[in-house]
Amino acid sequence: MVSAGQPGDPALVLVAHGTRSARGVEMIAALADAVAAELGVSAPNTALRTAFVDVLGPSPSEVLRDLDGPAVVVPAFLASGYHVYQDVPREVAESGHCAVAVTEAMGPDPALTRIMAVRLRAAGWKPGDAVVFAAAGSSDSRARQDVRRAAGMLAEQLDAPVKIAYVATGTPRVPEVVAALRESGAQRVFIASYLLAHGLFHQRLHEAGADGVAEPIGVHPGVVRLIVDRYRSAARELVGVR
């Protein structure tokens with residue numbers, strides 16, 4: 001089994017967006033530690049490295065230039081927008097590394113849907129309450145399509161209608177959708193956070209006027225398994241090619 005901890009196995013480079021939130025940074029570090037534990041390696045370790053495409057460093061290209069052997073890049077993004085389609089491939093190219101595989105983004109995925117449902121219920125949501133599916137947003141139509149797919153999966157999981165809203169890029173915005181639901185007669189409105197970590201975007205959700213806000217997806221065994229599965233699948237192909 002490919003584990004990232006055995007000699008010759010590809011390293012895992014976990015690529016996140018980056019945030020100025022201390023809680024967000026801690027969450028990404030905790031996620032990397034959990035993935036390392038699942039793979040049976042100690043973190044920090046050359047077998048598992050973390051990189052960021054914005055705000056923080058090191059960048060993916062810097063990390064890849066520091067690696068001698070093959071590597072699998074796993075984008076820790078919930079939708080495949082500009083960062084996944086443009087930033088990550090550019091960083092890989094700039095690194096000059098000749099043995100790199102890039103996996104799909106984390107979402108949308110049924111594992112994330114199940115976690116969101118758990119987070120939503122923990123926030124106090126009950127059947128009959130209105131749900132706002134809050135995503136960061138993107139100018140990339142492919143990312144918006146991913147959000148629509150993820151929202152549809154959550155609606156099916158909850159067996160309840162779900163309204164999509166955006167925190168930063170795109171319309172409608174979260175406060176507008178919360179207000180519209182109240183005007184339409186909803187007694188209680190809850191926000192399902194389609195965000196990976198705490199930060200400015202999640203903070204804004206608490207200011208949107210809802211009755212409750214679910215925690216970000218965060219560090220969860222389902223997320224860890226998803227990343228590990230992405231890595232192992234790509235690593236097997238990369239090793240096979242070599």
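**Entry 1: the open sheet**

Which strands does helix α3 lie across? I looked this up in a predicted model, where local features need pLDDT of at least 70, side-chain atom pairs count only at pLDDT 80 or more, and totals for chains, interfaces and linings use all residues. Residues are numbered from 1 along each chain as its sequence is written, and side-chain values use heavy atoms, with hydrogens and water left out.

Helix α3 (residues 82-95) lies across β1, β3 and β4. α3 runs at about 175° to β4. I noted how such angles are taken: axes are lines fitted to C-alpha atoms, for helices over the stretch in contact, and angles run from 0 to 180 degrees between N-to-C directions. Contact means heavy atoms within 4.5 Å. Helices (H or I, at least four residues) and strands (E, at least two) are DSSP runs, numbered from the N terminus.

Next I traced the sheet. It is open, with four strands in the order β2-β1-β3-β4, and the pairing is parallel. Two strands pair if DSSP finds at least two bridges between them. β2 (48-52) and β4 (100-102) are the edge strands, each pairing on one side only. On average, neighbouring strands here are turned by 25° against each other, direction ignored.

I then checked β1 (residues 11-16) and β3 (residues 71-75): five bridges join them. L12 stands opposite V72 in β3. Helix α1 (residues 22-39) also packs on this sheet and touches β1 and β2. Its direction makes about 155° with that of β2.

**Entry 2: salt bridges**

How many salt bridges does the structure hold? I found nine. The rule is a side-chain nitrogen of Lys or Arg within 4 Å of a carboxyl oxygen of Asp or Glu.

D66 and R49 meet in one of them, at 3.1 Å, N to O. D66 lies in the loop between α2 (60-65) and β3, and R49 in strand β2, so the pair ties together parts that are 17 residues apart in sequence.

Is D87 buried or exposed? D87 is buried, with a relative accessible area of 7%. R90 is partly exposed at 36%. (Buried is under 20% relative accessible area, exposed over 50%, partly exposed in between, with a 1.4 Å probe and protein chains only.) A network of salt bridges links D87, R90, E91 and E94.

D146 and R149 form another salt bridge, at 3.7 Å. Both lie in helix α5 (residues 141-158), three residues apart. D146 is buried at 9%, and R149 is partly exposed at 43%.

I listed the buried residues of α5: A143, D146, V147, A150, A151, L154 and L158. Seen down the axis, they fall within an arc of 135°, so they line one face of the helix. The arc is that of the directions from the helix axis to the C-beta atoms. These residues pack against α4 (110-122), β5 (130-135), β6 (163-166) and β7 (189-194).

How many residues of β7 are buried? Six of the six are, so β7 is largely enclosed by the rest of the structure. V189, I191 and S193 cover one side, and F190, A192 and Y194 the other.

β5 and β7 pair in the parallel sense over six bridges. A130 has V189 as its bridge partner in β7. Two bridges join β7 to strand β8 (residues 212-213), also parallel. There, the bridge partner of I191 is V213.
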